[in-house]
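Hi,

Here is the structure I said I would pass on.

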Amino acid sequence: MPRIDPEKLKKLLGQVLLYQGRACQVIEILSEEPAVVLHDHQDRKVLQTNQYGNASGWAPHTFTVALLDAGRDCLNPDLPELAALDLLV
């Protein structure tokens, strides 16, 4: 399993990455996972529900995306820019 350098991971904060054909900005880094939280750069909103499933308002569309693929043996192919960022130890 490849190891991701936590210091290099910090450089992702604020970067714009393509995810599922959408330009998204990195708004949070989850180094334990490792994963990133992405905010849809076009500022699309989604209907947010409360714990009971009732609509409670509109919220920014965000995605939590793992940095490693499902087998945890290489970088996630859904984020192709990661290969050029030299994040591995």
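For the cut-offs, buried is under 20% relative accessible area, exposed is over 50%, and partly exposed is in between, with a 1.4 Å probe and protein chains only. Gln20 sits in the loop between β1 and β2, and its phi is positive, about 55°, although it is not a glycine.

Before the rest, a word on the ground rules. This is a predicted model, so local features need pLDDT of at least 70 and side-chain atom pairs count only at pLDDT 80 or more, while totals for chains, interfaces and linings use all residues. Residues are numbered from 1 along each chain as its sequence is written, and side-chain values use heavy atoms, with hydrogens and water left out.

**The chain overall**

The protein chain has one helix and six strands, and from the N terminus on the elements run α-β-β-β-β-β-β. Helices (H or I, at least four residues) and strands (E, at least two) are DSSP runs, numbered from the N terminus. Along its principal axes, the C-alpha trace spans about 45 × 25 × 20 Å. Of the 89 residues in the protein chain, 30% are buried.

The protein chain exposes about 5,800 Å², and carbon and sulfur atoms supply 50% of that; the areas come from the Shrake-Rupley method with a 1.4 Å probe, and for residues only the protein chains shown count as cover. As for contacts (heavy atoms within 4.5 Å), take those in the protein chain with a separation of 6 or more: residues 24 or more positions apart account for 43% of them.

On charge, there are 8 positive and 12 negative side chains, and the centres of the two sets lie 3 Å apart. Lys and Arg count as positive and Asp and Glu as negative, with His and the chain ends not counted. The place of each charge is NZ of Lys, CZ of Arg, CG of Asp or CD of Glu.

**The four-stranded sheet**

An open sheet of four strands has the order β1-β2-β3-β6, with antiparallel pairing. β1 and β6 stand at the edges with a single partner strand each, so one side of each is left without a neighbour in the sheet. Neighbouring strands of this sheet are turned by 45° against each other on average, direction ignored. That angle uses axes that are lines fitted to C-alpha atoms (for helices, over the stretch in contact), and angles run from 0 to 180 degrees between N-to-C directions. Two strands pair if DSSP finds at least two bridges between them.

Going through the pairs, β1 (residues 16-19) has a covered face, Leu17 and Tyr19, and an uncovered one, Val16 and Leu18. β1 pairs with β2 (residues 22-30) in the antiparallel sense over four bridges, and Tyr19 stands opposite Arg22 in β2. The two strands form a hairpin with two residues between them, and the Gln20 from my opening question is in the turn.

β2 also pairs with β3 (residues 35-40), again in the antiparallel sense, over six bridges. In the loop between β2 and β3 you will find Pro34, and the peptide bond from Glu33 to Pro34 is cis, with omega near -15°.

Worth a click in β3 is His39, which stands opposite Gln25. His39 counts as buried because its relative accessibility is 16%. Leaving aside neighbours within four places in sequence, His39 is in contact with Ala23, Cys24, Gln25, Ile27, Pro60, His61 and Thr62.

Gln48 stands opposite Gly57 in β5. β4 and β5 form a hairpin with five residues between them, and Gly53 in the turn has a positive phi of about 85°.

**After β6**

The segment after β6 (62-66) holds Ala83, which is exposed with a relative accessible area of 65%. Ala83 and Lys11 are 72 residues apart in sequence and 14 Å apart in space, C-alpha to C-alpha. Asp86 is found in the segment after β6 too, and its phi is near 50°, a positive value in a residue other than glycine.

Cheers
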